[in-house]
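Trainee: I've got a new model open and I'd like to learn how to read it. Could you walk me through a few features?

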Amino acid sequence: MAPTTTPEKSEIPLRSRIFADLTPLRLSPDYRRLWCGNTISWMGQQMTALAVSLQVYTLTHSTFAVGLVGLCSLVPLVVFGLYGGAIADTVDRRTLGLYSAAGATAMSLVLATAAVAGYHRVWLLYTVVACQAVCFAMNSPARSSMIPRLLPPEQLPAANALNSLTSNLGLMGGPMLGGVIVGLWGYQAAYLIDVVAFSGSLYAMWRLPSMRPDQGEGPRRRASVLDGLRFLATRPNLRMTFFSDLAAMVLAQPRALFPAVAVLWFAGDAKTVGLLVAAPAVGAVLGGLFSGWLGGIRRHGLAILIAVAAWGAAIASFGLSRHLWFGLFFLAVAGCADTVSMVFRSTMLQAATPDAMRGRLQGVFIVVVAGGPRLGDFLAGSAADLTSPATAVIGGGLACVLVVTGLGLGRRAFARYDARDPQP
């Protein structure tokens with residue numbers, strides 16, 4: 001890999017050292033269109049996700065049936081995430097992104113048409129959710145693999161911070177907006193707005209140049225999922241980005257316990273649960289808004305270790321709190337730490353991975369991001385049943401800190417990783 005340069009702090013404007021660095025949006029019209037289109041379409045997707053859950057509950061009056069909506073999206077994400085990455089390393093990524101976005105648009109149109117026609121069937125909703133997840137699993141590796149081709153390496157942290165801002169704003173604002181729209185105009189309105197929102201993503205993909213993966217000299221061959229996994233097995237720094245994230249998401253993931261702790265710790269109700277769910281997202285959004293300082297950091301591996309340890313410490317502190325506002329504060333700190341970790345993990349994957357392998361590594365990233373928190377929910381729920389919610393939360397946070405510390409001590413080269421010379 002060619003050495004990269006990171007601007008010195010004195011070269012970065014003061015505003016960009018505090019607030020989110022908008023240089024990638026000014027520097028690359030293609031990236032600007034891609035980011036704007038993804039921001040609009042992601043908001044629409046989160047509106048649709050809430051509308052589907054509400055519609056399933058209206059039809060069945062079953063929380064179990066609503067829970068199956070998540071399972072219908074999780075399985076395709078895990079199964080097709082790896083294969084979507086392999087496909088992204090074989091074909092023109094622009095074409096794959098365009099077709100998969102068109103497929104997701106068509107699925108939203110199916111939902112809107114069924115709602116307008118009064119055809120309310122749970123099986124149709126489950127089927128469409130699964131197909132949407134397949135489209136996302138194909139689209140995400142292609143889109144993420146394009147970013148290093150659109151921007152210079154030193155702008156990747158800023159771009160990933162902007163991407164995290166899009167993700168978290170959508171997770172916060174999409175469901176709220178979707179609830180208002182469904183309440184005023186019905187499910188069909190939310191689905192139709194999602195169809196229109198996808199036009200931004202389609203337009204951005206359409207305007208991109210060809211994005212065939214760079215496979216070097218010699219004959220072009222089909223990318224293999226196993227080849228991607230073998231590559232990852234021989235690249236310790238890249239492996240560490242996944243191990244550190246799993247330490248946080250599996251060991252210190254308290255969200256499954258929020259309904260219980262809202263009652264037991266804070267004498268609250270459903271509104272309290274909503275505040276607990278929202279607090280990490282608020283912290284993550286603030287982390288994205290004030291992410292300008294991240295561009296001046298070169299030791300990305302060390303930054304990941306510190307951020308993951310901060311996540312674990314914040315979760316453990318949440319487990320010790322019995323005042324609601326203190327609890328919300330620590331959850332917000334955890335969300336902010338997660339944003340920092342995500343920015344540098346994504347940047348390392350993009351900068352230290354050869355272009356021919358980027359799609360497959362992004363596919364692994366999808367599997368970890370989709371599966372890790374679900375496994376963490378299961379572990380936290382089981383630990384709380386065997387002991388208590390407090391023990392599960394505090395123990396999980398401390399376990400995260402200990403594990404990530406052990407990872408750092410066991411792989412000291414990861415802490416020395418320098419963005420100026422990215423080594424996988």
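Mentor: Happy to. Keep in mind that this is a predicted model. Let's begin with the nonpolar core.

Trainee: Which residues touch the most other members of the largest nonpolar core?

Mentor: The general idea comes first: in soluble globular proteins, nonpolar side chains tend to be buried together. Here the largest nonpolar core holds 74 residues, and Tyr31, Phe242, Leu276, Trp311 and Phe318 touch the most other members. The element that gives the most to this core is helix H14, residues 324–351, with 12 residues.

Trainee: Let me zoom in on one of those. What does Phe242 touch, not counting residues up to four places away in sequence?

Mentor: With those sequence neighbours left out, Phe242 touches Leu232, Leu349, Leu361, Val364, Phe365 and Val368. There is also a second, separate core of 22 residues, with Ala112, Ala114, Val182 and Tyr187 among its members.

Trainee: Now helix packing. How should I describe a pair?

Mentor: Two packed helices are described by the angle between their axes and the distance between the axes.

Trainee: Is the crossing of H4 and H15 left-handed or right-handed?

Mentor: Left-handed. On the H4 side, the contact includes Leu74, Leu77, Val78, Gly81 and Leu82, while H15 brings Gly359, Arg360, Gly363 and Val364, among others. Sort the residues of this H4–H15 contact by type and you get 10 nonpolar, 5 polar and 2 charged.

Trainee: And what is the crossing angle for H12 and H14?

Mentor: Roughly 40°, with the axes of helix H12 (residues 270–289) and H14 coming within 6 Å. H12 and H14 are therefore oblique to each other, and their crossing is right-handed. Leu276 turns up here again, as one of the H12 residues in the contact; others from H12 include Thr272, Leu275 and Ala279, and H14 supplies residues such as Leu324, Leu328 and Leu331.

Trainee: Is His61 buried or exposed?

Mentor: Exposed: His61 has a relative accessibility of 60%, and the cut-off for that label is over 50%. Ala267 is another non-glycine with a positive phi, about 50°. Ala267 sits in the loop between helix H11 (258–264) and H12, and is exposed too, with a relative accessible area of 71%.

Trainee: Can we finish with a residue inside a helix? Where is Ala190, and what does it touch?

Mentor: Ala190 is in helix H8, residues 187–207. At 0% relative accessibility, Ala190 counts as buried. Leaving out residues up to four places away in sequence, Ala190 touches Met47, Thr48, Ala51, Ile181 and Val182. Val182 is the residue we met in the second core.

Trainee: How far is Ala190 from Leu177, C-alpha to C-alpha?

Mentor: Their C-alpha atoms are separated by 9.0 Å, with the two residues 13 apart along the chain.

Terms used:
Residues numbered from 1 in each chain as written. Predicted model: local features only at pLDDT ≥ 70, side-chain atom pairs only at ≥ 80, totals over all residues. Heavy atoms only, no water. Core = buried A, V, L, I, M, F, W, Y, C linked by side-chain atoms within 4.5 Å. Buried < 20%, exposed > 50% of the residue type's maximum accessible area, 1.4 Å probe, protein only. Helix = DSSP H or I, 4+ residues; strand = E, 2+ residues; numbered from the N terminus. Contact = heavy atoms within 4.5 Å. Left-handed = near helix turned anticlockwise from the far one by under 90°. Nonpolar A, V, L, I, M, F, W, Y, C, P; charged D, E, K, R; others polar. Axes fitted to C-alpha atoms, helices over the stretch in contact; angles between N-to-C directions. Parallel < 35°, antiparallel > 145°, perpendicular 65-115°, else oblique.
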